[in-house]
Amino acid sequence: MMIYQLSILFCLLVFFVIVLLNLKDFKKLPSRATSVSPLVSVLVPARNEDNTIARCIESLLIQDYGNFEIIVLNDGSTDRTAEVLQSIVSSVQGAALRVIDGTTLPDGWHGKAWACQQLGAEARGELLLFTDADTVHAPDSVRRAVAAMDESRADMLSLTPYQETKSFWERLIIPVMYVIVFCYLPLRMVREHASEAFCFANGQFIMMQRKMYDLINGHSAVRRNIVEDVWLCKAVKRAGGSVAVYNGTDTVRCRMYRTLSEIWQGFSKNLFAGLGYNTIGLFSLIVMTALFYIVPYIFVFRALLLQDYSFFVFWLPCLQIALAMLMRLFIAVRFHQPLSGALLHGLSQLMLIALAANSFYLVRFGGGARWKGRQYDFSDHQS
C-alpha cells in the first residue's frame, strides 16, 4: 500500500513539474509589426458549417496584414454553407476571397485532408495558413503569426486557440485535451528536439512554409491520419523541419462542439486515431487515467465509510486529488477556461475513459468512427 500510494504521488509530482514548465515556456504570439510580409494564403475547408462559416470569414476579411488571400473550399456541404459563402462573396466584391467547390473524396483519404490538399493546390502564398471554419480570428492574428514564423524560423507553426465552452458538457470535457498535452508532453521539446515523439499541433490554426508543405507532399502525407495536425508535425520533423507552438488564446477562438452528442462523436473519432490505433497505447492511457485520477477518490470514499483516517489510506489520496485538481486549475487559468470544470476534474477523467473505450469499440467492432456523414477506419494502416 505504501509503495503504491507513494508511486502515484511521485508520478503526479512529475506531471505537476511538466505543467509548470509548460506554463513558463508557453508564450503568446509576438505583438510587434512584422519585418517581412510574404503573401499568406488563408485556407478554410468547410463541410456543413452554415452556423459558423460567416463569422469565420468575416473575421479573416478584416485582418490588418496587408498581403493575404482567402480561399474557402465547400466540401460537399448538404446544409446552407454554399449559400452563406455566396452571400459573403457577393457582399465583398474586390476582396481577396475565393470560394471553390471540392471534388469527390478519393479512396484512402479522410475528408479534411483531401479538402486541405485541394486548397494547397490553389494557394499562391509563400506561407499557408490552414484554419477551421468554426474559428474566429482577431484582426491581428495573421500578422502576429507571420511575425512568429519570422521570429522562430520555424517551418510549421501552430497555436492553441481559446476554446469557447458554454454548456456543462463542453466545460467538463473540452479542456481535457489541454490537460493531456500539458501534463504529459514537455512543449519545449516540440521546438527543440527532432524526435517525432515530441509532436503537437492544433488543426484549428496551422501555418506552414510553402516549401516545406511541398517537400512533404502536402496533406497527402497525412491522408489516412484522422488526427492530421499531429501527424503533419511528425511529417515536418521527419523531413528535417522545425515546429513552433504558441499560446493563441488572445488571437483565435473556437467553439469545437456544441452538444454532448457532438463531443462524444468528435472525441471518439480522435482518441484512438490520435494514438496511431495503438491498442496498448490506448489501454495504457485508460489505466493511467484511472490510477492517477479515479482510484484516489475510491480510497477516500472507502476511508470515509470505514472512518479510517490513516495517512496512506485517506490523507495521501486526498493529497493526490488536490495535486491533480491544482494542475487542472492552473491550466484552466492559462487557457481562460471556467474553474467550475476544473473542480470536477475526476468526473471529466471518467468521461475520458468512456470516450477512449468508445473510440476503441467504434474502430475494432463498429466499422470506424463517423463524422459529418462519413465513416473512417484507417486502423489497418497504422502501427
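This briefing covers the cavities, strand pairing, cysteines and salt bridges of one structure. The model is predicted, so local features need pLDDT of at least 70 and side-chain atom pairs count only at pLDDT 80 or more, while totals for chains, interfaces and linings use all residues. Residues are numbered from 1 along each chain as its sequence is written, and side-chain values use heavy atoms, with hydrogens and water left out. The structure holds 21 salt bridges and 0 disulfides.

**Cavities**

- There are 4 cavities of 30 Å³ or more; a cavity is a set of points, on a 1 Å grid over the protein atoms alone, where a 1.4 Å probe fits but cannot get out.
- The largest cavity has a volume of about 50 Å³, a volume being the space filled by probe spheres set on grid points that are joined across faces, edges and corners.
- Its lining consists of Lys112, Cys116, Phe130, Thr131, Asp132, Gly203, Ile206, His219, Glu228 and Leu232, where lining residues have an atom within 4 Å of a point.
- At least two lining residues of the largest cavity come from each of α4 (111-122), β4 (127-131) and α10 (228-238); helices (H or I, at least four residues) and strands (E, at least two) are DSSP runs numbered from the N terminus.
- The lining of the largest cavity comprises 4 nonpolar, 3 polar and 3 charged residues, with Ala, Val, Leu, Ile, Met, Phe, Trp, Tyr, Cys and Pro counted as nonpolar, Asp, Glu, Lys and Arg as charged, and the others, Gly among them, as polar.

**Strand β8 and its partners**

- Strand β8 (residues 243-254) is largely enclosed by the rest of the structure, because 10 of its 12 residues are buried; buried means under 20% relative accessible area, exposed over 50%, and partly exposed in between (1.4 Å probe, protein chains only).
- Strand β6 (residues 156-163) runs parallel to β8 and is joined to β8 by 8 bridges, whereas strand β5 (residues 135-137) runs antiparallel to β8, with 3 bridges; two strands pair if DSSP finds at least two bridges between them.
- Cys254 of β8 is the bridge partner of Thr135 and also of Gln163.

- Cys56 is in no disulfide, and the nearest cysteine sulfur, that of Cys254, is 9.1 Å away. Cys56 is buried, with 0% relative accessibility.

**Salt bridges**

- A salt bridge is a side-chain nitrogen of Lys or Arg within 4 Å of a carboxyl oxygen of Asp or Glu.
- Glu164 lies in the loop between β6 and α6 (168-173) and Arg55 in helix α2 (residues 53-61), so the pair ties together parts 109 residues apart in sequence. Glu164 is buried at 12%, and Arg55 is partly exposed at 27%.
- In the salt bridge between Arg143 and Asp64, the closest N and O atoms are 3.2 Å apart. Arg143 belongs to helix α5 (residues 141-152) and Asp64 to the loop between α2 and β2 (68-74), 79 residues apart.
- Asp64 and Arg143 also belong to a network of salt bridges that links them with Asp140, Arg144 and Asp250.
- Lys112 and Asp132, both in the lining of the largest cavity, form a salt bridge with the closest N and O atoms 2.8 Å apart.

Notes
1 Å grid on protein atoms, 1.4 Å probe; cavity = no way out; pocket = protein on both sides within 12 Å on 5 of 7 lines; lining within 4 Å. Disulfide = S-S within 2.5 Å.
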